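Welcome, and please open your viewer with the chain in cartoon view. We will go from one selection to the next and look at what is there.

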Amino acid sequence: MSAEEIPDELWRKVLEIGVKSSTFSHKDLCCISISSRRLCRLSSEDCLWNFLLAIDFPTHTDSTSSSSSSESPTKFIYRTRFEREKERRLAAHRRSLLRKDSEISEWGRRIRELETRLSEEAERLQAASVEFSNLQRVRQASVALNVWQPEVVRGRQKQMVEQNAVPVEGRLRALEMEIKLCKQQITGVNRARREVKQRFDMARKELESMKYHPLRDYKSIRSGDQESSAKRKKLKTSINSVPAKNPPRPSNKKKLLHSESE
């Protein structure tokens, strides 16, 4: 029994069961409609699209029942609903992309702030370390003044102690605390920077996955492959079309064989 011998009532029942059981979607009905004129007529009936409207757009059932009595068919109503929903989803997707982009820029700004703070703390640590080492030399010189030394060395140490107008012991303790604090600050800033960098990289990966379009990427890859293959073919034809400057000469072995045969 061929498909043309099947009555319309049976086809309607098959399509109705497929739509009610969610086996057939609007894409399936559109694909069925292009197979033949008969299936195009049967798949465009209002009862099928009423079921799809109730399944896919349950919030618009009241407006659907009022519009089904109008002149516009239910398939056209479904298409308008689908286009509106598609535009709404595209707008929501664009808003999510903008939000993710702003989030990435905010994480980048936070990383730059932490790097600036890290450089400032490193400069403070270096300055405190230099001052601490200088004050340690001053303290060693003041202690060495109590011991006999040559006059040249003693004069240099005395000059170093006299040039220092800061109380050595108190300033050394303050510098020790400042160095410890700078090291703690650098450790905390590095930890925060690593965490922010991880969130920044994660947000960038999420943005790339949101922007990923397999069909578009596939077309670009295939077009690139086609261009490269076209270039290879062009190069091959150009090489084959170049005439040989020196045609191949018969070898000496062939000449000897020819003379022997004569």
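This is a predicted model: local features need pLDDT of at least 70, side-chain atom pairs count only at pLDDT 80 or more; totals for chains, interfaces and linings use all residues.

Residues are numbered from 1 along each chain as its sequence is written, and side-chain values use heavy atoms, with hydrogens and water left out.

**Whole chain.** Color by secondary structure and you will find 10 helices and zero strands; helices here are DSSP runs of H or I with at least four residues, strands are runs of E with at least two, and numbering starts at the N terminus. Of the 262 residues, 21% count as buried (under 20% relative accessible area; exposed is over 50%, partly exposed in between, with a 1.4 Å probe and protein chains only). Among contacts (heavy atoms within 4.5 Å) between residues at least 6 apart in sequence, 71% join residues at least 24 apart.

**Serine 22.** Next, select serine 22, in the loop between helix H1 (8–20) and H2. Most residues other than glycine have a negative phi. Serine 22, however, has a positive phi of about 65°. Its relative accessible area is 52%, so serine 22 is exposed.

**H2 and H4.** Now show residues 26–33 (H2) and 46–56 (H4), whose axes come within 11 Å and cross at roughly 155°. The axes are lines fitted to C-alpha atoms over the stretch in contact, with angles from 0 to 180 degrees between N-to-C directions. That angle makes H2 roughly antiparallel to H4 (over 145 degrees; under 35 is roughly parallel, 65 to 115 roughly perpendicular and the rest oblique).

**H8.** Move on to residues 168–211, helix H8. H8 has 44 residues and reaches 62 Å from its first C-alpha to its last, close to the 64 Å expected at 1.5 Å a residue (1.5 Å times one less than the number of residues). Its buried residues include Val168, Leu175, Ile186, Phe200 and Leu207, and the buried residues of H8 pack against helix H6 (74–144).

**Glutamate 176.** Finish within H8 at glutamate 176, which counts as partly exposed at 39% relative accessibility.
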